[in-house]
Amino acid sequence: MWVDAHCHLDFEAFDQDRASVALDAYQEGVKKVSVPGVSSEQWGRRDLILETLESQMPDDWEWVSQYGVHPYWNNSFDMSVETELRTAFEQKQTALLGEVGVDFMLDKRTHAQQLLCFQHQLEWAKDYNRPAVLHVRKAHHEVFRILKLTRWSHGGMVHAFSGSIEVARKYLELGFYLGIGGAATFDQAVRLQATIKALPLRSLVLETDSPDMPPQFLIAQQSEKSKIRNTPLSIPKIGLMLSQLKEIPLGEVAKITTENANRLFKNHLL
């Protein structure tokens, strides 16, 4: 069995064939997915879409919800989100906080608001002991500062991790799992691959960030990169990359990364 720990199956890119995409992945062993929240306006729509999909899938297929305001949707954030977030956590006992964080590759004028939005969401989620799924680009130092400021102790997952071994170890010390996806499959990702190789398998979860972040093997199959759509079906091949990189059996990668994801979803720190 495999788990896609982070994929946007509710996005418009899947509106025409969502069930067949999920079934194709299921038939290759991807039986659980975690679907992020990006804005409070999206949460309810996402839930309806995934509940409909669940009714069309085999009984042992599962999805895990995340509720949060993504840095890309930061302009939709206001203090009314607190009530909606708390209501979601009270109604969904297995929900995670996510996808939240800081993205300093966005316009500098948004940075202060991003930091405030991130801090507020961590503070609200603390009351429910939920892990946080983090989006971090060019801002690890600020994320660590806010995690310390909020006394965050519930761990979580760093989505699409691509930092150094030193940064990785800091997250591990805070109980976070590291999400490994398409970025690690590229031949030129030598530094990231070296970091992954040095990390214990028990600290890693697999993800696609579908429909985005296509792995190298998908890009190699397409003539027009702009039309490439990533799907959870990529998970077993990402797992194969990891097994080759770490020189361990593929079955062990599937078993341990699935156990890691399930511990994450049950709020068990690394």
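This is a predicted model: local features need pLDDT of at least 70, side-chain atom pairs count only at pLDDT 80 or more; totals for chains, interfaces and linings use all residues.
1. The place to begin is the open sheet, which has eight strands in the order β1-β2-β3-β4-β5-β6-β7-β8, with parallel pairing. At its edges stand β1 (2-4) and β8 (204-206), and because each has a single partner strand, one side of each is left without a neighbour in the sheet. On average, and with direction ignored, neighbouring strands of this sheet are turned by 30 degrees against each other.

2. Within β3, Ser65 is the bridge partner of Val35.

3. Two helices may then be placed against the strands. Helix α5 (residues 140-149) lies across β4 (96-103), β5 (132-137) and β7 (176-180), and runs at about 145 degrees to β5. Helix α9 (residues 235-246) packs on the sheet as well, where it touches β1, β2, β7 and β8, and its direction makes about 145 degrees with that of β8.

4. The largest pocket holds about 510 Å³ of space, and among its 20 lining residues, His135, Val136, Arg137, Ala160 and Met213 lie nearest its centre. Strand β5 gives the most to this lining, with three residues, while by class the lining has eight nonpolar, seven polar and five charged residues.

5. The second largest pocket has a volume of about 200 Å³, and of the 14 residues that line it, Phe217, Leu218, Leu233, Ser234 and Lys237 are the closest to its centre. Helices α8 (216-219) and α9 each supply at least two residues of this lining, which divides into five nonpolar, five polar and four charged residues.

Key
Residues are numbered from 1 along each chain as its sequence is written. Side-chain values use heavy atoms; hydrogens and water are left out. Two strands pair if DSSP finds at least two bridges between them. Helices (H or I, at least four residues) and strands (E, at least two) are DSSP runs, numbered from the N terminus. Axes are lines fitted to C-alpha atoms, for helices over the stretch in contact, and angles run from 0 to 180 degrees between N-to-C directions. Contact means heavy atoms within 4.5 Å. On a 1 Å grid over the protein atoms alone, a cavity is a set of points where a 1.4 Å probe fits but cannot get out, and a pocket is an open set with protein on both sides within 12 Å along at least five of seven lines; lining residues have an atom within 4 Å of a point. Grid points are joined across faces, edges and corners, and a volume is the space filled by probe spheres set on the points. Ala, Val, Leu, Ile, Met, Phe, Trp, Tyr, Cys and Pro count as nonpolar, Asp, Glu, Lys and Arg as charged, and the others, Gly among them, as polar.
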